[in-house]
Amino acid sequence: MSLFKRKIGRRKHVGRRVVGVGAGVALIVLGLQAPAFAAAPVVSSFTPGTGPASGGCVVVITGTGLDDFPRLDPDTKMEFVDNLVPATFFAAADFSIISDTEVWAVAPATLVSGHAYNLRFANDGGTNTSTGTFLAVDGAGACAPTIASFLPTCGSAGSSVTITGTNLLTNIAGPDTIDGGAVRFSPYAADATGTIPDIDSATTLGVVVPSGAGDGPIRVTTFATGIVNSTTSFLVPPPDCVPDTGNDHARGITFKINKKGKASGVVSSTEDPAFTDCVAAVPVKIQRKKAGGGWKTVGNTTTTDTGSYTKKVKNKPGKQKFRALAPKVSLGDPVTDVCLKAKSATRKA
């Protein structure tokens, strides 16, 4: 599964640098102090500390000054430096600058098992090498994914599940993207899709239960040997699904759609006082009636802070029936509140 790809923007910085140099020269001519350029990056720590020599492990690096210049700058490099063999280093298979203090780097497939590697980050401001080392090993090492929990613990096809754990990232979508691990539900026939919005990180994955899912552990795969099953089973109703615990909150949803397929509406709380946590930033599905009966989801979106939503969907020729659905959502860990499912009236377009 390529879960909602976290794409790092390609910033156009060359012009900025030229302008910066020009401004600096102008200030010197005027007798003023030129602006300071980027400081050297600092690699403070990283996790995990071991991973497969065959590559693929995503290492989460923390530090400072890591995004003074973006990764597309030719002077920005992320390298694994062999601690045992002088002047031997390997470029990361890929890396993404998340913020000034965090970088995700993918270990290359050229590491030697049993060798320890310092992590070296370089940009226009300078170079810094970690004091800690990454040990290449046979197998997954400490880079193996783990599943600590998932919520809700039961649900039907189309419902959203949030998985928490460690080492949940993988690099399967090509250059400039690092994604969440592939997630499968029993009987493990196909990868689940990701939720909208994207919540992939090293410790959290959001997925949508696929059709045909059955009772059984959830499986996460991050690379060839990075595979883990949850210790508890996800249950699919009926009759095994145990209802969420917590306070249930009823909701309503309005819906309209025009001939061009533009759908819109509002999710609202039907309680007094209104429970706004079940209104803001909640998922909404736009569904179309299938010819043989049942409903097919043709669009996913998320409400604004006030509960409104819009989504453009494809509208086939002829009159089609549509509706909007706000799926059941559990809040809190452990669950403290449950936003109940809401369905709109059917509309034709």
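The model is predicted, and local features were accordingly considered at pLDDT of at least 70 and side-chain atom pairs at pLDDT 80 or more, whereas totals for chains, interfaces and linings use all residues. Residues are numbered from 1 along each chain as its sequence is written, and side-chain values rest on heavy atoms, with hydrogens and water left out.

The chain exposes about 17000 Å², of which carbon and sulfur atoms supply 57%, as computed by the Shrake-Rupley method with a 1.4 Å probe. Among contacts (heavy atoms within 4.5 Å) between residues at least 6 apart in sequence, 63% join residues at least 24 apart.

The largest nonpolar core comprises 24 residues, and those with the most contacts inside it are Val59, Ile61, Met78, Phe80, Leu119, Phe121 and Phe134; such a core is a set of buried Ala, Val, Leu, Ile, Met, Phe, Trp, Tyr and Cys residues joined through side-chain atoms within 4.5 Å. At least two residues of this core come from each of several strands, including strand 4 (58–64), strand 5 (77–82) and strand 10 (126–137), while strand 9 gives the most, with three residues. Leaving aside residues up to four places away in sequence, the residues touched by Met78 include Ile61, Phe95, Leu119 and Phe121. A second, separate core of 17 residues includes Val161, Phe185, Val220 and Val236.

Five aromatic pairs were counted, under the rule that rings of Phe, Tyr and Trp (its six-membered ring) pair if their centres lie within 6.5 Å, with planes under 30 degrees apart classed as stacked, over 60 as edge-to-face and the rest as tilted. Phe95 and Phe121 form an edge-to-face pair, 6.2 Å centre to centre with 75 degrees between the planes. Because Phe95 lies in strand 7 and Phe121 in strand 9, this pair ties together parts that are 26 residues apart in sequence. Phe95 is buried, with a relative accessible area of 7%, and Phe121 is buried at 1%. Phe185 and Phe234 also form an edge-to-face pair, at 5.2 Å centre to centre and 75 degrees between the planes, and both residues are buried. Ring pairs link Phe150, Phe185 and Phe234 into a cluster.

Strand 17 (residues 204–208) has five of its five residues buried, so it is largely enclosed by the rest of the structure. On one side Thr204, Gly206 and Val208 are buried, and on the other Leu205 and Val207. Strand 17 pairs in the antiparallel sense with strand 12 (residues 160–166) over five bridges and with strand 16 over two bridges, pairing being assigned if DSSP finds at least two bridges between two strands. Thr164 stands opposite Thr204, and Gly194 stands opposite Val207.

An open sheet of three strands has the order 20-29-28, with mixed pairing. Strand 20 (247–249) and strand 28 (329–331) stand at its edges, each with a single partner strand, so one side of each is left without a neighbour in the sheet. Strand 20 pairs with strand 29 (residues 337–339) in the parallel sense over three bridges, and the bridge partner of Asp248 in strand 29 is Val338.

Methods: Buried means under 20% relative accessible area, exposed over 50%, partly exposed in between (1.4 Å probe, protein chains only). Helices (H or I, at least four residues) and strands (E, at least two) are DSSP runs, numbered from the N terminus.
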